[in-house]
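This report describes a surface patch, a strand pairing, a nonpolar core and a salt bridge. The sequence and model are shown first.

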Amino acid sequence: VDADGAYIDVASMDSEVGWNLVGNPFDDHCDVATQITFSDGVDTKTFADAVTAGWVGNSFFDYTGSLYLPEITTLHTWTGYWLYVQQNNISISFAR
């Protein structure tokens, strides 16, 4: 499949308190530890630090059709993941 468009290096999304459906916006796998950050508008944290701060739950969850499996290392392309956000006004950023 060919697609035209601008190549992006960073994508971000706002979240709501509760379960949020998120996906890797890039055409290659996304490392949770190094390519995803969370911000409350003042501080920016890695996934591990956002978990420790109580901003988000401790795992992304992939639904396989019968089970929800935790995923804490890699977000794969063409897959949606559930993430529990525990604080208001948290944005999620993905970087190449």
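## Basis and terms

A residue is termed buried under 20% relative accessible area, exposed over 50%, and partly exposed in between (1.4 Å probe, protein chains only). Strands (E, at least two residues) and helices (H or I, at least four) are DSSP runs, numbered from the N terminus.

The model is predicted: local features need pLDDT of at least 70, side-chain atom pairs count only at pLDDT 80 or more, and totals for chains, interfaces and linings use all residues. Residues are numbered from 1 along each chain as its sequence is written, and side-chain values use heavy atoms, with hydrogens and water left out.

## Strand β9 and its neighbours

Two strands count as paired if DSSP finds at least two bridges between them. β9 pairs with β2 in the antiparallel sense over 6 bridges, and with β6 in the antiparallel sense over 4 bridges. Tyr81 of β9 stands opposite Val22 and is also the bridge partner of Asp62.

## The nonpolar surface patch

A nonpolar patch joins Val, Leu, Ile, Met, Phe, Trp and Tyr side chains within 5 Å, taken from residues with over 30% relative accessible area and no salt bridge. One such patch comprises Val17, Trp19, Leu21, Tyr63, Tyr68, Trp82 and Tyr84, with about 730 Å² of accessible area together (Shrake-Rupley method, 1.4 Å probe, only the protein chains shown counting as cover).

At least two residues of the patch come from each of β2 (18-23) and β9 (80-85). Tyr63 belongs to strand β6 (residues 56-63) and is partly exposed, at a relative accessible area of 41%.

## The nonpolar core

A nonpolar core is a set of buried Ala, Val, Leu, Ile, Met, Phe, Trp, Tyr and Cys residues joined through side-chain atoms within 4.5 Å. The largest has 18 residues, and Ile36, Phe38, Val56, Phe60, Leu75 and Leu83 have the most contacts inside it. β4 (36-39), α2 (47-52), β6, β9 and β10 (91-95) each give two or more residues to this core; β9 gives the most, with 3.

Beyond four places away in sequence, Leu83 has contacts (heavy atoms within 4.5 Å) with residues including Trp19, Phe38, Phe47, Val56, Phe60 and Ile92.

## The salt bridge

A salt bridge requires a side-chain nitrogen of Lys or Arg within 4 Å of a carboxyl oxygen of Asp or Glu. The structure holds 1, formed by the side chains of Arg96 and Asp27 (3.1 Å, N to O). Arg96 lies in the segment after β10 and Asp27 in the loop between β2 and β3 (30-31), so the pair ties together parts 69 residues apart in sequence. Arg96 is partly exposed at 38% relative accessibility, whereas Asp27 is exposed at 62%.

Terms used. Patches are made of residues with over 30% relative accessible area and no salt bridge: like charges are joined within 9 Å, nonpolar side chains (Val, Leu, Ile, Met, Phe, Trp, Tyr) within 5 Å.
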